[in-house]
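Good morning, everyone, and thank you for giving me a few minutes.

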2 protein chains.
Amino acid sequence: MTTTDAIAGRPAPIPITDPDDPRIAVFRAVREKDLTGRHGFIAEGSVVLDQLALSRRFRPSALLVLDSRLAGITDRIARLPQDCPVYVASREVIDAIAGFPMHRGVLAHGIDMAAGLTAADVLSVARAGDPAAPILIALGIANHDNMGALFRNARAFGAGAVLMDEASCHPLYRKAVRVSVGTVLTEPWARGGTPIDLIEAAIAAGYEPLALDPKAEGSLGSLDPSRPRALVLGAEGPGLPRAVTDRIAGVRIAMRSDVDSLNVATSAAIVLARLYEARADLSRSVR
Amino acid sequence: MTTTDAIAGRPAPIPITDPDDPRIAVFRAVREKDLTGRHGFIAEGSVVLDQLALSRRFRPSALLVLDSRLAGITDRIARLPQDCPVYVASREVIDAIAGFPMHRGVLAHGIDMAAGLTAADVLSVARAGDPAAPILIALGIANHDNMGALFRNARAFGAGAVLMDEASCHPLYRKAVRVSVGTVLTEPWARGGTPIDLIEAAIAAGYEPLALDPKAEGSLGSLDPSRPRALVLGAEGPGLPRAVTDRIAGVRIAMRSDVDSLNVATSAAIVLARLYEARADLSRSVR
């Protein structure tokens with residue numbers, strides 16, 4: 001197909017030949033600016049685009065595609081809302097727009113239609129889905145890669161939601177979206193409030209909070225998989241605040257004593273994998 | 001202390017005021033060039049420096065320290081060989097040397113004194129240490145972050161060695177060293193050969209190879225922790241070659257069926273954590 005052919009009843013893709021074209025302003029210098037919140041967000045790559053198409057919360061507002069990639073993603077584009085314009089550009093123009101070599105060749109700009117969702121809103125949705133699934137409470141996670149990896153692992157092991165305190169970075173930062181493989185667009189989440197706010201919201205929704213803490217006594221093997229847990233995670237280095245570890249039960253991952261800590265997303269994956277397997281065993285034994 | 005005070009019987013630190021000084025040439029434009037193999041490697045930060053001081057295989061050949069950081073790391077410097085010169089520079093000079101803002105303020109250049117170590121050499125050391133500890137065989141791991149994270153997790157859960165095939169990136173790339181928190185400098189490893197070469201070397205050394213494979217039947221819960229395993233890991237996306245999965249037993253991590261895969265270092269951590277805990281339980285029950 002050429003860049004001006006229409007895709008299955010959609011308006012024809014719009015060729016862009018000038019990197020300064022105002023219609024693609026949201027994609028300009030995309031590495032330097034990080035759009036989040038009211039300014040929308042940037043999703044890169046076709047796998048992430050699929051998550052955006054699946055999402056009910058997020059809406060693509062514009063797509064910018066490398067001309068040579070267009071024919072390969074028409075099925076994916078057909079799943080996007082009709083009113084989302086598709087811009088097409090050559091390698092030279094797209095690199096000039098983005099400000100760096102755009103290996104992926106697919107950029108979406110999206111909008112959060114529910115940016116004001118509270119922890120309580122998200123937890124009521126999570127409990128209505130799989131009431132025994134664990135959730136994550138992430139505190140002070142400032143690193144975008146870790147935030148993305150946390151979502152990816154939450155999704156892999158069926159966590160019902162991710163809550164982040166106000167000290168955590170925004171999960172819609174470009175790099176977090178990418179590292180999450182787009183799961184920040186389909187996993188329920190809310191960001192805001194203090195650690196204690198989030199723990200209280202989880203308790204009110206019926207979750208038992210459990211701090212992931214190298215100094216805790218509880219072992220992973222002793223976890224009862226039938227109880228819905230809110231796994232509370234702090235950043236590497238500072239770890240969880242005393243106000244949190246003093247207040248709730250804790251669990252530790254057994255590891256060498258001369259090792260300081262694990263990456264936070266890796267730690268979450270280890271506990272979530274264990275709970276996922278134990279829940280699967282439980283559901284088999286009940287049947 | 002001032003920059004010209006000597007540290008505990010060592011030669012005095014050498015002030016550098018010219019970014020083009022030939023004595024600090026190995027630290028120049030450190031982000032652009034990745035020194036590995038015969039050219040040595042770059043280790044950043046004081047935590048990584050500690051691993052370098054602990055290592056018997058790697059030797060620091062020069063240290064470049066931000067003047068304001070020197071007083072805080074004299075104990076660490078005292079542990080380095082006497083013949084390792086310590087260069088000291090101002091913020092302005094050190095940033096000009098490195099070519100970007102050096103937040104950490106501590107750069108070491110190191111040499112691999114045993115770059116020719118074979119898989120068999122490394123495995124005989126590993127078996128002599130803890131004969132039942134698992135080892136990792138990493139195939140086609142091209143991403144430096146994943147390589148670093150793999151070593152970090154190997155260390156946390158007491159893996160005896162890491163073998164990498166020739167298609168994997170070098171573990172001494174600057175970013176791999178940093179992400180590994182310096183564990184590439186203390187964990188035994190060898191790189192080179194084909195996947196089958198490495199699997200055969202592991203079998204010859206008494207390890208039972210086990211492919212980490214989403215399509216495998218074996219579950220983590222069924223692993224016998226008393227047998228020394230060589231956990232075989234492929235890159236995300238391509239996964240393990242058929243020649244490998246056809247030949248050896250496999251194990252899978254239970255996860256949601258609509259999820260493609262996990263990060264390779266995260267997958268390794270989940271299996272290693274499980275084996276570590278099971279081995280600890282076993283040693284308690286034997287006592």
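Let me start with a count that covers everything on the screen: in this model, which is a predicted one, there are 40 salt bridges when all chains are taken together. For those who are new to the idea, side chains of opposite charge can pair when their charged atoms come close.

One of these pairs is formed by Asp112(A) and Arg57(A), whose side chains meet with 3.0 Å from N to O. If you follow the chain, you will see that this pair links distant parts of it, since Asp112(A) lies in strand 5 of chain A, which covers residues 106–112, while Arg57(A) lies in the loop between helix 1 and strand 3 of chain A, 55 residues apart.

Next, please look at chain A as a whole, which is divided into domain 1, covering 14–112, and domain 2, covering 119–286. Taken over C-alpha atoms, the centres of these two domains of chain A are separated by 31 Å. Where they meet, 21 residues of domain 1 of chain A are in contact with 15 residues of domain 2 of chain A, and the area buried between the two is about 1,500 Å², with carbon and sulfur atoms giving 61% of it.

How many salt bridges are found across this interface between the domains of chain A? The rule finds 2, and a salt bridge also joins Glu44(A) to Arg178(A), with the closest N and O atoms 3.9 Å apart. There are 4 residue pairs in polar contact across the same interface of domain 1 and domain 2 of chain A, counting pairs with both residues at pLDDT 80 or more. On the domain 1 side of chain A, the elements that give two or more residues are strand 2, at 41–44, and helix 1, at 46–54, and the largest share, 5 residues, comes from helix 1 of chain A. By class, the residues on that side of domain 1 of chain A divide into 11 nonpolar, 4 polar and 6 charged.

A word about annotation: UniProt, in an unreviewed entry, places the feature "domain: tRNA/rRNA methyltransferase SpoU type" at residues 135–272 of chain A. Over that stretch of chain A, the chain is 30% helix and 20% strand, and the C-alpha atoms at its ends are 9 Å apart.

Finally, let us turn to the place where the two chains meet. Here 24 residues of chain B are in contact with 24 residues of chain A, and the chains bury about 2,100 Å² between them, 56% of it on carbon and sulfur atoms. Which residues of chain B lose the most area to chain A? They are Arg152(B), Arg256(B) and Glu277(B), which together account for 26% of what that side buries.

Between chain B and chain A the count is 4 salt bridges, and the side chains of Glu236(B) and Arg152(A) meet in a salt bridge at 3.0 Å from N to O. The rule also finds 12 residue pairs in polar contact across the interface of chain B and chain A, both residues being at pLDDT 80 or more. On the chain B side, helix 6, at 144–156, and helix 10, at 264–286, each supply at least two residues, and helix 10 of chain B gives the most, with 7 residues. That side of chain B has 12 nonpolar, 6 polar and 6 charged residues.

Note on methods. Residues numbered from 1 in each chain as written. Chains lettered and ligands numbered in written order. Predicted model: local features only at pLDDT ≥ 70, side-chain atom pairs only at ≥ 80, totals over all residues. Heavy atoms only, no water. Domains from an automatic or database assignment. Contact = heavy atoms within 4.5 Å. Buried area = accessible area lost by both parts, 1.4 Å probe. Polar contact = N/O pair within 3.5 Å; in protein donor to acceptor, adjacent residues only side chain to side chain. Helix = DSSP H or I, 4+ residues; strand = E, 2+ residues; numbered from the N terminus. Nonpolar A, V, L, I, M, F, W, Y, C, P; charged D, E, K, R; others polar. UniProt positions renumbered as here; feature names shortened; annotations may be inferred.
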